[in-house]
Amino acid sequence: MLQTYQPKRHEVVTKELLLSLANEQQPRRKRKRNINSLDQVQEIRLEYRSILKIDCLWPLSNLVKLKLNNNDIEKIENLDSLVHLCELDLSFNKIKKIENLDNLKMIHVLSLYANEIEMVEGLDSMTHLSILSLGKNSIFDLEHVLYLRKFKELQSLQMVGNPCTERSGYTSYLLAFVPQLIYYGYKMISSKQREDAAERHRRALANVLEAEAKKQKELEVVQHQEDKVAQLSKSYVEYLDEDCLFDLMYENDDDGKILAKLNQETEAANAQYRQRFSAVCHELFELGLKEDQKRRAEIDALNSVVEASICAATIKARKIMDSVQSKRAEISVRITQMLREAAISAEDADLDDETIDQIDKLAKQLSNEFHAYVNNVWKKLMREETLLHEQIEVIDDRQDRMLNRLKDWQATFLKNLVDDEIERSRSRILEISHYLNYHRENATVAKILGQQSSQLEHLSEEHEEDLEEDQDEAKEALPGDNDSNVTLIDL
């Protein structure tokens, strides 16, 4: 008789399921303890449960080891909260892409065996990865070899079962370019295999090393520049040691750039301005560094004084506490001696009520004496602590007052600077407007023609006056009455 087909029943991850499994999977020595909170769980197995989706794992905030193998998971997701995870097993699933693992920086062991992965990616944050299993996937190209090269702690790799491993010389290529590997395919790599692989790919390996060295140098230059800017920013002088600030002023000023290159005169003026501006910036840069050194020296001096005060107070408090121990030992000795004497007396004869009362009275007296001493010590310690706290508060109050005065000065200085600039700008704008209006009003054609006519009339009048003066001079130069027949025209 044929059995009816029963469809696969997919299980959903819930808090109840996690708690149940956590209690079931406890080591035998710990099974008497019932787990009520998922943040106590460090290891859990969710294998062979036909799980379709990774979900509801965020309460496992202290999880160290997680097994999700042999399920029907298609996507890696919802693992961001498992920041303490060191071992993750996702083998025998239906995963097509390595993704969403950026927060799992503590992973040492990762298994993605028997999935549908085509590309090795998404592992950049796993700097501590030492064991990686990617066998029986769909990885074909060889780019993953250079990608795996940067995982310096990678010691064991499984790639068998991928199309790439069937390509000629794959193993040799892998061993040459991932020299940190100790095991490949769960077998230890021999020295002979390493040497042969390195020799076979010697030239290509040299090119890769050269490219890596160049890239590393570039990264170091960038990092050095970032560190320099960060250090200078602490001194409040970043971008003042070069022409950066000057260039930033023109970064979004297209008109200014055009004007600066308008002609030789503007270029010369701009170059001169850049030189003077950069000189001022450099002076501020040097001043800022000197002031930063002063601040650091002052901070170190302040910390030294505070630490010395705390150290002195601690030593004094320790001496006081030692005196308490001494006092307690002294009282203990006296009580022990008293009880010993009482025991000796009891051997000779029964203790009467008066002797018992005396012992009890003396014990109470010693107890009260010790309590009084302890109270006195408490007052001393509290007085020392209060004194130290008040000294630090005085320093803090003084610092606050200095900062407030500095802020007030800065606000006043900036306000005066802005007010002066506004007044100067307005005066300059008014002056420019008046100048242009004057030329605009006197630059019409009629006025220009009128001015030219006036100039011509003035020149004509001056010419006539010159002629009259010449005639008068000529008359005066004529001879007397005997030569009256000589006319002016004849002359």
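This is a predicted model: local features need pLDDT of at least 70, side-chain atom pairs count only at pLDDT 80 or more; totals for chains, interfaces and linings use all residues.
Colleague: Why is the pair of Y173 and F177 called tilted?

Modeller: Rings of Phe, Tyr and Trp (its six-membered ring) pair if their centres lie within 6.5 Å, with planes under 30 degrees apart counting as stacked, over 60 as edge-to-face and the rest as tilted. The rings of Y173 and F177 lie 4.7 Å apart, centre to centre, with 50° between the planes, and therefore form a tilted pair.

Colleague: What makes Y173 and F177 count as buried or exposed?

Modeller: Buried means under 20% relative accessible area, exposed over 50% and partly exposed in between, using a 1.4 Å probe and protein chains only. Y173, at 18%, counts as buried, and F177, at 2%, is likewise buried, whereas C56 is partly exposed at 22%.

Colleague: How do you know how many disulfides there are?

Modeller: A disulfide is a pair of cysteine sulfur atoms within 2.5 Å, and by this rule the count is zero.

Colleague: Why is the charged end of R167 said to sit over the ring of F140?

Modeller: The rule asks for NZ of Lys or CZ of Arg within 6 Å of the ring centre and within 35 degrees of the ring normal; the charged end of R167 is 5.0 Å from the centre of the F140 ring and is counted as sitting over it.

How values were computed:
Residues are numbered from 1 along each chain as its sequence is written. Side-chain values use heavy atoms; hydrogens and water are left out.
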